[in-house]
Amino acid sequence: MTVNTTIAVAMSGGVDSSTVAAILAHDGSAVVGLTLQLWDQTRLAGKHGIPDAPKAGRCCSLDDVYDARRVAEHLGIPYYVVNQQERFEADVVRPFVAEYLAGRTPIPCSLCNNHLKFDQLLKTAQSIGAGRIATGHYAVNEYDSGRDSGRGRWILKRPTDLAKDQTYFLFGLTQEQLASTLFPLGHMTKPEVREVARQRGLALAEKPDSQEICFIPGGDYKQFLTAYLEEQGQALPETAGELLSSSGEVLGRHDGIFNFTVGQRKGLGVSSPTPLYVLQIDPASHRVTVGADEELATRTLRARRLNWISIPDLIAPMRVRIKIRHRHEPAWATLEPAGVGEVLATFDEPQRAVTPGQSAVFYDGDEVVGGGWIL
Amino acid sequence: MTSEGDSLVKRVYMDANATTPLLPEVMEAMRPYWMERFGNASSIHLDGQQAHAAVDRARATLAEFFNCHDAEVVFNSGGTEGDNTAIFGLLRPGDHFVTTSIEHSAILAAAERIASHGVETTFVAPQPSGLIDPAEIRRALRPETRLISVMLANNETGVLQPVEEIGRIAREAGVFFHIDAVQGAGKIPLDVRRFGCHLCSISAHKMHGPKGVGAMFVRRGTPIESLIVGGSHERRRRAGTENVPGIVGMAKAAELALLSLEDGTIDRVAALRNRLEAGILKLSGTGVNGAHLPQNLGAPAPGFRIWESTNPVPRVANTTNIWFDQLEGEALVIALDLKGFAVSGGSACHSGATEPSHVLMAMGLNKTRARASLRFSLLKTATEADVENVLKVVPEAVEHLRAISPVAAGTLG
C-alpha cells in the first residue's frame, strides 16, 4: 500500500457513498471503506415515544452498517467501522440540544460535517495510511491555481445535480480538508449514480435516500430532547412563557421555547382567522412572538463563526447570493464585514423566516464564497 | 489494495485469543465424519454406533484434559453455551450470584438477564494488576449465594486468576463454583479436581479446534438443568444431535494441546511473547496492562507455571496487553491490519466499532488509555520471524499515529 495514494471512503451504507467506493475501486485506486459509528440507535429507544426499532436509512443503524460492509465485501476492499460516538455526542448532539433550549433551530448535519465527517475522518484516514478521503456528497471541489484569478485556493462549487446540492452543509470545510477530499459524485446526477450502482452490481442500488436527522429515530426532536436530558439526569429546563402578537398583545401561553422554530405555523395553540407564524423567540424572556406570513420577511441577517472558502477573508462589501436553509433558492444580497468575526447581509428582496441557528451560505455563481451561523 | 483472498503478503496473526486456525491433524481427524461416518450417534445401527464410538473416544480424551470422569464431560456448542448453562441451569429466583467484572460477556449478559428473574449478582472488581483477590470473593458471599463464577484466564490481559483458592472458598461456603476456562484451556493444564470447581467451560476454537463446539465439565451430582431440551443426548444434560465431526475435532485439539504443554511448545510461545513485549516496551509511553505485583496475594497458587518475563503477575504464555500513550488504539489496529498484522484493541460492539475494553476499565484504566491499548495474542505456531516483523512495523506505526493523533498528550491512567 502506497501511503498517499490510498483513499478512505466514508461509507454510510447508502447508495451515494457505496457508489463512490465502487467507482474508485473500479478505477484501480487503493480504497479503504470506513463507517463512522456515531450514535447508538438503541440508546434512547422506547423512551418518551421514541420508536423501539430504528428504521433503516439512518446513520449507524445496524442495517446500514450491514449494507456498507456487504458493499465492501462485494468490491473486495478492506472495511472498518470507526467508533466516534463520544465525539459525535460532544460536538453534535450536545450543541443540538443546547441550541433548541436557547430558542434556536440547529443544523446537526453541518456540525457533523465540520467535526466528524471531514475533520475526524481525515485524521483517521491519515492515521491508517490513507492520504485522502472520498465522500458521497453532491458537491464539486477544484483547485484554482490562481493563474488568472490570483487566488491559489481550493474552491467548493455546486454540483451538476442541483436538486441534490449539498454545498449548504459543507461551508465549514477548510482549505486543507478540501485539498484532501474527493467528491466523485459532483458531476453526476442521482439517476446516473443509481445506474452506476446497478452496473457495479450493488444490491442497494434502489435503496431510498435518507432524509431525517440520523440520530433522531421517528424524527420527533422534542421526544429526543426529553429522553436525552432525562438520560443525562436533567429535566427539560422551564422555558414556558407568553405567546405575543407582533403588536405586543398577549395571546396565550406556551410550554417551552424549544417547541418553536421561526416560520412555524402548526402547534401554536392559538386560534386566529388568518394563519399565524412564529416570528421571533426570545430565549431570555421566553416570549414567543407570532404574526402574519408577511411579517416573517426580513431584509437583513447577521452571521458569525464564519468560514471562507473562495476568498481568504471578507474585507469589503461583496455581492453574493445567500442560502438561509437547505431548501432555499439563494437570494441576492450585499455582504459586508460587521465587527469582529461577523458579517451583515442585506437582501435585495426581503426573505421569509430567517432562522437563528441555521447557517447562511454565500454563493458567487456556482462557487461557495463561505458561510456562517445566523444570529 | 487487494482483498484478503488475493493478498500475496503473508499475514501475521496475533489474535489467538479471538480464535485459532485448525491444526492439520484436527482437520484430518474430522474428515471422515462429514461424509463416510456421518451417522447419528443416537441411532442403533452400525452407522450410528460408529458415530457413538467416536463421541465416546472424544469424551475420554476430554476427561483426561479436564482430569475428570468420562461421565462428567458434556459436549455443547462452545464457551458461551457453557457459561450460560452454569448461570441459567443453576440459579433460581432468590439466589445470589458472585462473579467478577472482568468476565466474558457470556457471563455478564447472562447475569444481567437473570437480574430480571430475581437473581442478584455481585460483581467483584479486579485489582489494578488484573487479578481477582479471593478475599473479595469471600466478602461478597451471602447466605443465599448459590454460585460463584470466575474465569481461569482473562481474555484481554491473559492474567490467570487464583481459582484454586476461590475453589476452597466455595467449598467452605457450600457454594457451587463455575470456571470459565475458555482462555486458559490449552495454555495451562486444567485440573478440575485441584481447582475445586463443579463446572468448567471450554471452547474448541480457542485451542486450534473447530468453531461451534465446546465442552463442559459437570461434577457428578451437580443439579444443573439443561439449557436446551429435547432428546436424551449427553445424559439429558444437553439435547440436540451430537456435532460428531466437531466433537472429534475438539478431542484431537485437546490431545495436541496437552502435548504442547509438555513438549516445550508453550515455553517457546512464552519466550516469543516475552520478546515481543520487551521489544514494544522499548517505545516511550508504553506499558503492560496486568503487570503490577499484587500487594496481598503472595506467590501465585502452586501448580501454576509462571513464564518469566518483565511481568510478575501470572499470565498465560501467549498474551500481552500493552497501552500506548497519545494514540487511538482503533486506528492502530486498522493501520496494522492494512499492513498485514492482525491484533485486537478492545471489544467489538454490535456494529463492529471498537469499544474500550470493560476489563481494562475495571482494572482502573481511564477510557483514553483503555482505548489506546492493544492485545497481542500469539498462536502456538507463531514464529520468530512473526515477532521480528511486528517489532519492525509497530514502532513506525505508533510514531506515525502519534504525529497525527488528536489525542492530547498525557493520557495517564
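With 12 C-beta neighbours inside 10 Å, R236(B) counts as exposed (buried means 20 or more other C-beta atoms within 10 Å of the residue's own, exposed 12 or fewer, and partly exposed in between, with C-beta atoms placed from the backbone). R236(B) belongs to helix α9 (residues 233-236) of chain B. Helices here are DSSP runs of H or I with at least four residues, strands are runs of E with at least two, and both are numbered from the N terminus. The phi of R236(B) is near 65°, a positive value in a residue other than glycine.

Q326(B) also has a positive phi, about 60°, and is not a glycine. Q326(B) sits in the loop between β10 and α12 of chain B. Q326(B) has 19 C-beta neighbours inside 10 Å and therefore counts as partly exposed.

## Model and numbering

This is a predicted model, in which local features need pLDDT of at least 70 and side-chain atom pairs count only at pLDDT 80 or more, while totals for chains, interfaces and linings use all residues. Residues are numbered from 1 along each chain as its sequence is written, and chains are lettered from A and ligands numbered from 1 in the order in which they are written.

## Domains of chain B

Chain B is assigned domain 1 (4-16 + 264-404) and domain 2 (24-259), with bounds taken from an automatic or database domain assignment. The C-alpha centres of domain 1 of chain B and domain 2 of chain B are 26 Å apart.

Between them, 28 residues of domain 1 of chain B are in contact with 25 residues of domain 2 of chain B (contact means C-beta atoms, placed from the backbone, within 7 Å). On the domain 1 side, β10 (319-324) and α13 (358-362) of chain B each supply at least two residues. That side of domain 1 of chain B has 14 nonpolar, 11 polar and three charged residues (Ala, Val, Leu, Ile, Met, Phe, Trp, Tyr, Cys and Pro count as nonpolar, Asp, Glu, Lys and Arg as charged, and the others, Gly among them, as polar).

## Packing of α12 and α15 in chain B

Helix α12 (residues 329-338) of chain B packs against helix α15 (residues 384-404) of chain B at an angle of about 135°, with the axes 10 Å apart. Axes are lines fitted to C-alpha atoms, for helices over the stretch in contact, and angles run from 0 to 180 degrees between N-to-C directions. α12(B) and α15(B) are therefore oblique to each other (under 35 degrees is roughly parallel, over 145 roughly antiparallel, 65 to 115 roughly perpendicular, and the rest oblique).

From α12(B), the contact uses A331(B), L332(B), A335(B) and L336(B); from α15(B), it uses V393(B), A397(B), V398(B) and L401(B). By class, this contact has eight nonpolar, no polar and no charged residues.

## Contact between the chains

The contact between chain B and chain A takes 17 residues from chain B and 22 residues from chain A. On the chain B side, α12, β13 (354-355) and α15 each supply at least two residues. α12(B) gives the most, with five residues. The side of chain B that touches chain A has nine nonpolar, five polar and three charged residues.

## Domains of chain A

Chain A is assigned domain 1 (3-136 + 184-219), domain 2 (239-291) and domain 3 (297-374). The C-alpha centres of domain 1 of chain A and domain 2 of chain A lie 37 Å apart. Their contact takes five residues from domain 1 of chain A and eight residues from domain 2 of chain A.

Note on methods:
Two residues are in contact if their C-beta atoms, placed from the backbone, lie within 7 Å.
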